[in-house]
Amino acid sequence: MAVKMASSRIIFLGMALLLAAHASAQLSESFYNAKCPGGVQAVQNVVTSAVRNDRRNAAGLLRLHFHDCFVRGCDGSVLLASTPGSTAEKDAGPNKSLQGFAIIDQAKAALEKTCPGVFSCADILALAARDAITFIGGPKWKVPLGRRDGSVSLASEAVSNLPGDKFSYSQLISNFGSKGLSETDMVALSGAHTIGLTFCSKVTPRLYNFPGSSTGADPYLNTTFVTSERKVCPNTASARNNFLLMDRTRGGQTFDVNYYNNVLSHSAVFKSDDALISTSSGRSKVIKFASSQSTFFSSFASAMEKMGRVGVLTGTQGKIRTQCSRK
């Protein structure tokens, strides 16, 4: 009986992987050439304008795409608003600091004027992440299109699927592996922490209240880093929601390899960042990326293209939402 059940699970998993591969294969960079000519450029115009006005928007748009793909696949479900009977992904704890929704809405509104009911919110998210990172000097990657939008968005699934900022190396590998991403993909995508912001509340426990520390700070952290971060994040209740740069080098809004140097010098914000050099395999990858921006950019671009294919809906699956926040 147990053998039959195990065999059934293997067959089911195999079928699921085949279906996912088939859906992914239906994506194409030319998908909108006939249906919505100029649509891809329209998204780029909105995104570059937003990032030109505030470079912090690049990190927001990249994070939106990541948080979308890791929950139910890249189906735009992170954009859906909560309803009286259901709390959506965007209102889950890990997503409360997400930004960039208004930019996606602006791009969608522009597309609805020229080709209504054609361009999916999921595709806008994928393009916006790429265009934003390229604009601030990061790599460019292919974004095959044809994703359709999902109709289910549950806060509980965001909590259970997104990687935590205290994850160990093995937990990170397992979490990314469940999305079909490799160990190298995981280390490369972690490099996104070279831009963006987080709340002081995320780091103050490591600066002031670390268990067993005589100074209050996590002894793993570089003392110079602790001193500088304490100036930004004083140990007060009013400072909990102050913003802290993930990478203070070059103002924290330049896409480069400095994040990996921070990890190596014990000057990264999260325990999950520290985890990258907790194993010889992880450390070797961090050193490789830290020493070669071209290698990092190539690996990051490859990982982003793979991530953009996770769990996509195509063909007659899903729908095309006319407003990204509504089913």
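Where does His193 lie? His193 is found in the loop that runs between α8 (183–190) and β1 (197–199). Helices (H or I, at least four residues) and strands (E, at least two) are taken here as DSSP runs, numbered from the N terminus.

Good morning, colleagues. The structure is a predicted model, in which local features need pLDDT of at least 70, side-chain atom pairs count only at pLDDT 80 or more, and totals for chains, interfaces and linings use all residues. Residues are numbered from 1 along each chain as its sequence is written, and side-chain values use heavy atoms, with hydrogens and water left out.

I begin with the annotated positions. The UniProt annotation "binding site", from an unreviewed entry, covers His193. UniProt positions are given in the numbering used here, feature names are shortened, and annotations may be inferred rather than shown by experiment. His193 counts as partly exposed because its relative accessibility is 24%; buried means under 20% relative accessible area, exposed over 50%, and partly exposed in between, with a 1.4 Å probe and protein chains only. Leaving aside neighbours within four places in sequence, His193 is in contact with Met246, Asp247, Tyr259, Phe270 and Asp273, where contact means heavy atoms within 4.5 Å.

The "binding site" annotation of the unreviewed UniProt entry also covers Pro163. Pro163 sits in the loop between α6 (155–161) and α7, and at 25% relative accessibility Pro163 counts as partly exposed. With neighbours within four places in sequence set aside, the contacts of Pro163 are Phe66, Phe70, Leu172, Asn175 and Phe176.

I turn now to the largest pocket. On a 1 Å grid over the protein atoms alone, a pocket is an open set of points where a 1.4 Å probe fits, with protein on both sides within 12 Å along at least five of seven lines; lining residues have an atom within 4 Å of a point. The volume of the largest pocket is about 1000 Å³, a volume being the space filled by probe spheres set on the points, which are joined across faces, edges and corners.

Which residues lie nearest the centre of the largest pocket? Of the 42 residues in its lining, they are Arg63, His67, His193, Met246 and Phe270. Two or more lining residues come from each of α3 (56–69), α7 (169–177), α8, β1, α12 and α14 (293–307). Helix α3 gives the most, with 8 residues. By class, the lining holds 22 nonpolar, 14 polar and 6 charged residues; Ala, Val, Leu, Ile, Met, Phe, Trp, Tyr, Cys and Pro count as nonpolar, Asp, Glu, Lys and Arg as charged, and the others, Gly among them, as polar.

My last topic is the salt bridges. A salt bridge is a side-chain nitrogen of Lys or Arg within 4 Å of a carboxyl oxygen of Asp or Glu, and by this rule there are 13. One of them joins Asp274 and Arg206, at 2.5 Å from N to O. This pair links distant parts of the chain, with Asp274 in helix α12 (residues 271–274) and Arg206 in helix α9 (residues 204–208), 68 residues apart. Asp274 is buried, at 6% relative accessible area, and Arg206 is buried at 6%.

Another salt bridge pairs Asp218 with Lys271, whose closest N and O atoms are 3.3 Å apart. Here too distant parts of the chain are linked: Asp218 is in the loop between α9 and α10 (223–232) and Lys271 is in helix α12, 53 residues apart. Asp218 counts as buried at 3% relative accessibility, whereas Lys271 is partly exposed at 31%. Arg206, Asp218, Lys271 and Asp274 are linked in a network of salt bridges.
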